[in-house]
Amino acid sequence: MSGDSSKSIRPLPPALQKVAIEELNEVPSRVESDVATLKEWLQKQPHICACLEDQFLLSFLRGSKFSLEKAKQKIDRFYSLQAVIPEVFNEHRLADDPQVLEIIRMGVILRIPLDKEDTGPAVTIIRAGSYDLSKFKFQDIIRVGSMFGEIMMLEDDNASVSGYLEIMDMSGVTGANLFALQPQLLSKFSAYADEAMPTRQKGIHFINVPKAFEVSVSSDPEAIFERVPKQYLPVEYGGTKGTMKDITTAMEAKLSSYRDYFEDCQHFGTNDKLREEPTNLNPEESHFGLDGSFRQLVID
């Protein structure tokens with residue numbers, strides 16, 4: 001490994017470093033060599049073409065609590081499971097795709113900036129009822145969410161160390177929104193998020209739940225403030241950290257800075273014909289069968 005690869009690993013702020021050591025088995029003096037080991041393994045896998053950026057690989061090590069074997073399995077799944085969700089992972093997954101930009105500008109997904117010294121999970125607001133169902137499919141929204149999920153992996157230390165929280169704003173959600181949910185896709189993507197993404201979900205909080213849905217969704221609107229300080233939220237939600245428009249403008253600029261990464265992603269993936277050993281996806285553990293095809297989840 002060339003000596004300059006260390007420059008691409010961001011040092012953690014002291015408080016987050018403490019969390020990583022205590023909860024993720026991170027040994028700061030070994031991080032660089034752990035990343036190098038994972039990179040060398042990937043370069044020897046004929047069936048995987050992957051992003052080899054140090055910070056990207058480090059997120060998989062943190063997401064696997066520094067078990068190298070688990071990190072290898074996760075990164076393999078990350079690319080092999082994307083291939084079976086073509087509705088999301090396709091040629092529209094680019095930083096300058098007009099539809100992607102339109103969804104960002106509508107503020108369907110809002111990434112909430114935390115204070116520098118905060119060690120809590122990253123926070124995203126999802127405004128489930130805020131998009132035009134006649135114009136966008138649920139898969140289009142998930143595509144944008146997946147792109148910011150990857151940006152989070154690459155640059156959000158809170159997300160890679162402490163996980164992430166989602167605030168699901170149900171304002172304006174109707175039966176039509178639920179009907180548009182594409183249950184098969186929702187199951188596939190949930191399995192992908194759970195089995196392949198290195199960042200861990202730490203909870204979903206529902207707010208502004210319409211009366212009709214209160215039976216099926218438990219929501220204590222104030223409970224979220226035990227986890228997320230109110231001032232972090234946009235002005236429209238009673239916070240002090242700028243408006244939704246400020247957030248979407250920042251998100252659009254952020255996505256633009258990842259143009260090259262998402263162009264490269266079009267070429268990343270796995271080719272099972274080139275696999276040297278049978279896939280180590282245990283069908284019992286995975287929602288996906290051995291061939292990578294999705295096994296129907298039983299949804300109550």
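Biologist: Which helix does Lys-39 lie in?

Modeller: Lys-39 is in helix H2, residues 31–43. Helices (H or I, at least four residues) and strands (E, at least two) are DSSP runs, numbered from the N terminus. Before we go on: this is a predicted model, where local features need pLDDT of at least 70, side-chain atom pairs count only at pLDDT 80 or more, and totals for chains, interfaces and linings use all residues. Residues are numbered from 1 along each chain as its sequence is written, and side-chain values use heavy atoms, with hydrogens and water left out.

Biologist: Is Lys-39 buried or exposed?

Modeller: Buried, with a relative accessible area of 12%. Buried means under 20% relative accessible area, exposed means over 50%, and partly exposed is in between (1.4 Å probe, protein chains only).

Biologist: How far apart are Lys-39 and Asp-54?

Modeller: In sequence, 15 residues. In space, 8.0 Å, C-alpha to C-alpha.

Biologist: Switching to Ser-59. Where does Ser-59 lie, and which residues is Ser-59 in contact with?

Modeller: Ser-59 sits in helix H3, residues 54–63. It is buried, at 1% relative accessibility. Leaving aside neighbours within four places in sequence, Ser-59 contacts Met-153, Ser-160 and Pro-198. Contact means heavy atoms within 4.5 Å.

Biologist: Now the strands. How many residues of S3 are buried?

Modeller: Six of six, across residues 122–127. Ala-122, Thr-124 and Ile-126 point one way, while Val-123, Ile-125 and Arg-127 point the other way.

Biologist: Why do side chains alternate like that?

Modeller: In a regular strand the side chains alternate between the two faces of the sheet.

Biologist: Which strands are joined to S3 by bridges?

Modeller: S2 (residues 109–112) runs antiparallel to S3, with four bridges. There, Arg-111 stands opposite Thr-124. S4 (residues 164–169) runs parallel to S3, with six bridges. Ile-125 has Ile-167 as its bridge partner in S4. Two strands pair if DSSP finds at least two bridges between them.

Biologist: Last topic, H1. Which residues of H1 are buried?

Modeller: In H1 (residues 14–24), they are Leu-16, Gln-17, Val-19, Ala-20 and Leu-24. They cover an arc of only 160° around the axis, so they lie on the same side of H1. The arc is that of the directions from the helix axis to the C-beta atoms.

Biologist: And what do the buried residues of H1 pack against?

Modeller: H3 and helix H7 (157–162). On the other side of H1, Pro-14, Lys-18 and Glu-22 are exposed. Just after H1, Asn-25 takes a positive phi of about 60°.
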